[in-house]
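Subject: Structure for you to look at

Hello,

Please find the structure below. My notes on it come after.

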Amino acid sequence: MRTGAVALAVAAVAVGTAGVATARPAGPGDGWPGGPNRSGDPVAAVTVDLTDEEVAGLVFTREEEAMARDVYQSFAELYPETEVFTRIATSEQRHFDAIGNVLERYGIDDPSTGEPGVYVDGAVQDLYDGWLADGSVSVQAAYEVGVELETVDIEDLQGLVDATDNAMLDRVYSNLLAGSENHLAAFEAAAAGETPALCTQDGTGMQDRQMMGRGGHGPGHRS
């Protein structure tokens, strides 16, 4: 089983992240995570420091969320009779965008290449290549890749939650963690041929309820 690579990313902080990154914290009415103030009022610029490890964690997570999206989008194209991969790829895009907002807020360089399946982090690239190959064998194998990928993602996100004292990062990672736990439940159900009804949180703080069809073939499931 492939294991989480966030420790590698934190240990090898990218060039240019020496020192700390600073940003204003989210103010009242701010959309999560780092969206514009809903009231339209300016938020006071208060300096908040990030450690090198926190910066590296954000950079790694941006790539990991892109990788998950790209894996699931590839499976959606390989297995168009299913819906589960398309729906969860869409959710991973929201996770990717959420981390992008945080990078922008802190003035951290975005590692994203903009090219699906291509990543700066070698560990993320290896995960993508391996999972894509594994899941291309059959739709059942692809469901099992989803289970494994989300298990690794949960491990990485929990490690990031445990490693930070920054309230904003804790909130962001905790929301992504909730989304990944629901992705895992959906893939476990698909792999088992079950049809669960899930009350879900997709990682953007929004609740919805959808039915996932048997094996991902039905009218809907968590996004």
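The notes cover confidence, then ring pairs, then charged side chains.

This is a predicted model, in which local features need pLDDT of at least 70 and side-chain atom pairs count only at pLDDT 80 or more, while totals for chains, interfaces and linings use all residues. Residues are numbered from 1 along each chain as its sequence is written, and side-chain values use heavy atoms, with hydrogens and water left out.

Confidence
The average pLDDT (the predictor's confidence in each residue, from 0 to 100) is 77 for the protein, and 65% of the residues score at least 70.

Ring pairs
Rings of Phe, Tyr and Trp (its six-membered ring) pair if their centres lie within 6.5 Å; planes under 30 degrees apart count as stacked, over 60 as edge-to-face and the rest as tilted. The count comes to 8 aromatic pairs. One of them joins Tyr72 and Phe187, tilted, with 5.0 Å between centres and 40 degrees between planes. Tyr72 lies in helix H2 (residues 52-78) and Phe187 in helix H6 (residues 167-192), 115 residues apart. Both Tyr72 and Phe187 are buried (buried is under 20% relative accessible area, exposed over 50%, partly exposed in between, with a 1.4 Å probe and protein chains only). Ring pairs link Tyr72, Phe75, Tyr79, Phe85, Tyr143 and Phe187 into a cluster.

Charged side chains
There are 3 salt bridges in the whole structure, each a side-chain nitrogen of Lys or Arg within 4 Å of a carboxyl oxygen of Asp or Glu. Asp110 pairs with Arg62 at 2.6 Å between the closest N and O atoms. Asp110 is partly exposed at 39% relative accessibility, whereas Arg62 is buried at 8%. Asp70 and Arg69 meet at 2.9 Å, N to O, and Glu83 bridges to Arg87 at 3.3 Å.

Arg62 also lies over the face of Phe96, 3.6 Å from the ring centre, and Arg69 lies over the face of Phe96 at 4.6 Å. For this, CZ of Arg or NZ of Lys must be within 6 Å of the ring centre and within 35 degrees of the ring normal.

Regards

Key. Helix = DSSP H or I, 4+ residues; strand = E, 2+ residues; numbered from the N terminus.
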